[in-house]
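Please read it alongside the sequence and the coordinates.

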Amino acid sequence: MHSAILEILESRGIAEEAREEFFSAKPKLAYDPFLLANMQAAVDLLLKAVDEGKRIVIYGDYDVDGITATSLMMKVISTLTDNVSYYIPSRLEEGYGLHKDSIDTIHEQGCELLITVDCGSVSKEETEYAHSLGIETIVTDHHNMSAVRAEGIIVNPMLPEDNYPFKGLAGVGVAYKFALAIARCREVPKKVMSEILELATIGTIADIMPMLDENRTIVKFGLRFMHLGCQNKGLRRLIELSGLDYKKLKTSDVSFGIAPRINAAGRLGDATLGVKLFLADDDALIEQYCTQLIETNQERRSLQDDALSRSLEIAEKQHAEDDFLVLEVNDAHEGVLGIVAGKIRETVNRPCIIVTQSGEYYKGTGRSIDTVDLFEMLDKYRDEFISFGGHSAACGFTIEGEKIAGMREKLNRDLAEKYAEDDTLFDIDYKYDALIEPCDFNLELADDVRMLEPCGKDNEVPLFCMKAVRPVGWRYLKNDKRYAKFSVRSEDGRNIDCLLFRDADKYEALVAGDELVDVIGTIEINNWRDNRKAQMIVRWVLPEGGANGR
């Protein structure tokens, strides 16, 4: 194995004794589902409801994690009873989590046992309300707990009293463990167990959970099942219509090809479309649902591009005065605000909140840079919001229109104070995982990098740096100034192809000049007419000495 890979493993805390498991094609890190606190009670209550013919409703979130978890539970429980259905709230009309109005709707449909997936851990009032209507509750979730907790049974590795060995499960991962526990007590067809592992894999990757420990076991085996045929017909067809090959599917294919199409339905309206697809068996219906998801994603991209264009114009003007951007972009679709805020954040390297009018109030969605805790900054003014929630990197809120200007002023004042204390607050770290010489950039290294798969959070695709190299042969690709290609010559006379797939025009003057540069990027294999060649997908090109190191 290349020494650079060994360095990366060391820096990521993958000790030598753990590497056999880390690289194994058949990992064994899979823990007894009954180690999760309250799991036995949850299984007992569910099976009691099944045996008594009670009406069961699965209540999920509207993102990929929630959609796959809802589908997974429906797949399993429907093998035990026909008396089961699901409910996913509207992102636009109801928002995240449990709601009393939703519980009223479910109650009217005869629900007697409510099972949440990917939400509900802190929904104390809502679960109390459900209990007052005679609805029992099982909450399965993975989000952080607070002093306020839901009534009833909670299965969540983040419970303070939970001793489960791995805390990084996605919502669908917790649902999958629940399904495994159910299968210990009642017979569930093997085909269904294969399908739900595929769904757990998609949700775990999409929710950007740590690609370590038990998640690697779930994802490795889940991808293998898909490579062998992909048991879920709806998922298989969505992969095909997305221009991907399920026999070679990778985590990056899920993140950038599959997840956005599933997410799009929830962003623009009806998240149940994804559940319908995963539960469908009829080929005509599967084709219809796939087409709808793909068309909805195209609409999402169009709305996103429009909102981004307008937001960039406002951001350019506001950034002349502000470091904390609070952009009022009216008539933008609420479902794309988070993506747009993230892209503005990347462009200007500043925290960004986008607000747009929604009825009598304004809704805001924010994204932050690594050095600024967004939740901490806004939580200070919690009383000024009608509703507010989030974490260090992202937030969402509802606010009265007349308070927006004052909020912008306060946030910029607070950020200025932080900058006065630390003038490196807005510095970009051009970090990489390993320093290599051009002569080491070869197929052997590329093959070794593949051994790190599946890659994801906390096990990212490694970034390599070639320092003080002279680029040659700059040219744009596809007559588009976003894309470009150049080469770096190694000591053994090989030309290493370097490709830029975004913002290429920003680097033309530097690369096309006669100066030495530092190049940072990932390594991949280009297969062309049976010829395999290592190439670099460039993240940054910097003046010599600009790379920061690990």
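The report below moves from the whole chain to sheets, cysteines and backbone exceptions.

## Basis

This is a predicted model: local features need pLDDT of at least 70, side-chain atom pairs count only at pLDDT 80 or more, and totals for chains, interfaces and linings use all residues. Residues are numbered from 1 along each chain as its sequence is written, and side-chain values use heavy atoms, with hydrogens and water left out.

## Overall dimensions

Along the principal axes, the C-alpha atoms fill a box of roughly 80 × 55 × 45 Å.

Of the 550 residues, 52% count as buried. Buried means under 20% relative accessible area, exposed means over 50%, and partly exposed lies in between (1.4 Å probe, protein chains only). The chain exposes about 25200 Å², with carbon and sulfur atoms supplying 46% of it. Accessible areas come from the Shrake-Rupley method with a 1.4 Å probe; for residues, only the protein chains shown count as cover. Among contacts with a separation of 6 or more, 67% join residues 24 or more positions apart. A contact means heavy atoms within 4.5 Å.

The chain holds 18 helices and 17 strands. Both are DSSP runs numbered from the N terminus: helices are H or I with at least four residues, strands are E with at least two. Two strands pair if DSSP finds at least two bridges between them.

Axes here are lines fitted to C-alpha atoms, for helices over the stretch in contact; angles run from 0 to 180 degrees between N-to-C directions. Strand β4 (residues 136-140) runs parallel to β5, joined by three bridges. Across that pair, Thr-140 stands opposite Val-155.

## The seven-stranded sheet

A second open sheet is listed here, with mixed pairing and the order β11-β12-β16-β17-β15-β14-β13. β11 (434-435) and β13 (471-477) stand at its edges with a single partner strand each, so one side of each is left without a neighbour in the sheet. β11 runs parallel to β12 (residues 464-469), with two bridges between them. Ala-434 stands opposite Phe-464 in β12. Helix α17 (residues 443-450) packs on this sheet, touching β12, β16 (517-528) and β17; its direction makes about 85° with that of β16.

Strand β14 (residues 480-489) pairs with β15 in the antiparallel sense over six bridges. The two form a hairpin with five residues between them, and Gly-493 in the turn has a positive phi of about 90°. Val-488 faces Ile-496 in β15 as its opposite residue. β15 also pairs with β17 (residues 531-543), in the parallel sense, over two bridges. Five of the six residues of β15 (residues 495-500) are buried, so this strand is largely enclosed by the rest of the structure.

## Cysteines

How many disulfides does the rule give? The count comes to zero. A disulfide is a pair of cysteine sulfur atoms within 2.5 Å. For Cys-465, the closest cysteine sulfur is in Cys-498, 11 Å away and therefore too far for a bond. Cys-465 is buried, with a relative accessible area of 0%. Cys-498 is also buried, at 0%. Cys-498 stands opposite Met-536 in β17.

## Backbone exceptions

Most residues other than glycine have a negative phi, and most peptide bonds are trans. A cis peptide bond joins Glu-453 and Pro-454, with omega about 0°. Pro-454 lies in the loop between α17 and β12.

Asp-213 is not a glycine, yet its phi is positive, near 55°. This residue is found in helix α9 (residues 213-227). Asp-213 counts as partly exposed, at 25% relative accessibility. Asn-349 has a positive phi of about 55° and is not a glycine either. Its place is the loop between α14 (337-348) and β7 (352-358). At 17% relative accessibility, Asn-349 counts as buried.
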